[in-house]
Amino acid sequence: MTVAVQEKIIESVGGFSEESVRALSAARNEPDWMLQFRLDAWQVFEAMPWPKRTDESWRRTQLTGFDLENFEPNASPAGDAVLNQFAREELDDMESAASLVFQDGGVIHRDLTEDLASKGVIFADLQTAVVEHSDLVQANFMTSVVKPDHNKFAALHAALWDTGAFVYVPKNVKVDLPLQVILNQATAKVGGYHHTLLVAEEGCEVTVVDDLLGGEDGLQSSVVELLVGDNSKVRYLNLQDFDHSTWNFLNGRAAMGRNADFRWIQVSWGSKLTKAFLDLDLMGEGGHGELLGIYFPTGRQHIDHETLQIHRVSNCFSDLLFNGALKDRSRNVYMGIIKVLPDAQGTDSFQRNGNLILDSSARADSIPGLEIEADDVRCTHAATAAQVEDEYVFYLMARGLS
């Protein structure tokens, strides 16, 4: 039965085709280079096989029931769309330097509370940036951090990306308040492909927040590319709260320069199934990177985070902590690797995953790992999965809790 479903996934792409890629690019009046980029990515997508249960990354997360035929390739932007209650609440909850709100492939709200342009900061929707900042985008868009051939879903994203934010912070510039991006995937049974591209030059400071909502019976295949310059300080938050019927795929990587200080916070509340690849790539000496995650699946949710902390050079530090609680028949999968290359002497790296099992039918799989090719390092990892102790439950119930 599983094999038959897998074959159906491979054979069924519905309205997804080279023609749909061309139509999307034409509708946006994109420059020739972006059209060619999309077409090349579509060829990569068609050539790559779908994930199989024998692939290590997908051994515990299978695509049974996933079929591209169930989705339209792209949503048509609604020009008269208004902010819904959830988007307004998210905007009100955070004091930001600027904000962008996307819905169904288009921008429906822009707000600028700080004069970023006078500092040389660019904070624009990616569709606009492709035209107005073409050189910067073309040089950095899926060229080195996350490439289209990273995996099947990255290639699909590269061919059909629709919404996204482009952030450029020049050398030694500090943006005091966060830059907030909200995506509301409102239309059901439609594919969405949100992209975040941050270019942080040397010595700058910036915080970017992606807030992802909605998505009833939807598909989201997003990519996050963060270029963290030498001596810069960058904070990135990815807050995912899709409807529990949405298939969610994420490919994200931060490429860190010398003495960079970087922190990624990943919050995974929603989706039917999430498969997220999250990488810290320490490329310059003295880098300090943190990857922090929290999740709380319920019902039949399936949340899978796969992380990579790759140390290429000496004297870098990385720390990872993913903690979550599971209820009902939900499942969490965590798989992570600390990879230390031969030139990365003096590496200090840690990795920990903790799971609190709140129902006997919930399940957590935790697979931390080390690949060390240097001899002067300090690398450790840990994983736990446990229920709440009976004594603690009795204590709480004795004080009136269920």
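Which residue forms a salt bridge with D55? In this predicted model the partner is K52, and the closest N and O atoms are 3.8 Å apart. Residues are numbered from 1 along each chain as its sequence is written, and side-chain values use heavy atoms, with hydrogens and water left out. Because the model is predicted, local features need pLDDT of at least 70 and side-chain atom pairs count only at pLDDT 80 or more, while totals for chains, interfaces and linings use all residues.

A salt bridge here is a side-chain nitrogen of Lys or Arg within 4 Å of a carboxyl oxygen of Asp or Glu. Searching the whole structure turns up 22 of them. As for the D55 pair, D55 itself has 25% relative accessibility and counts as partly exposed, and K52 falls in that class too, at 39%. The classes run as follows: buried is under 20% relative accessible area, exposed is over 50%, and partly exposed lies in between (1.4 Å probe, protein chains only). D176 and K174 also meet through their side chains, at 3.8 Å from N to O. Of these two, D176 is exposed at 53%, whereas K174 is partly exposed at 45%. D365 pairs with R363, with 3.1 Å between the closest N and O atoms.

Next come the cysteines. A disulfide is a covalent bond between the sulfur atoms of two cysteines. With the cut-off for a pair of cysteine sulfur atoms set at within 2.5 Å, the count is zero disulfides. For C316, the closest cysteine sulfur is that of C379, 11 Å away, so the two are too far apart for a bond. C316 is buried, with 2% relative accessible area, and C379 is buried as well, at 14%.

Helices (H or I, at least four residues) and strands (E, at least two) are DSSP runs numbered from the N terminus. Helix 3 covers residues 32-47, 16 residues in total, and spans 23 Å from its first C-alpha to its last, close to the 22 Å expected at 1.5 Å a residue. That expected span is 1.5 Å times one less than the number of residues. The buried residues of helix 3 are W33, M34, F37, R38, L39, A41, W42 and F45. Their cover includes helix 2 (18-27), helix 5 (126-132), helix 6 (134-140) and helix 7 (152-160).

On the surface, W269, I294, F296, L356 and L358 make up a nonpolar patch with about 400 Å² of accessible area together. Patches are built from residues with over 30% relative accessible area and no salt bridge, joining like charges within 9 Å and nonpolar side chains (Val, Leu, Ile, Met, Phe, Trp, Tyr) within 5 Å. The areas come from the Shrake-Rupley method with a 1.4 Å probe, and for residues only the protein chains shown count as cover. W269 sits in the loop between strand 12 (261-268) and strand 13 (273-282), and is partly exposed at 35%.

Finally, T380 lies in strand 20 (residues 377-387) and is partly exposed at 32% relative accessibility. Setting aside neighbours within four places in sequence, T380 is in contact (heavy atoms within 4.5 Å) with I338, S349, F350 and Q351. T380 and G15 are 365 residues apart in sequence and 47 Å apart in space, C-alpha to C-alpha.
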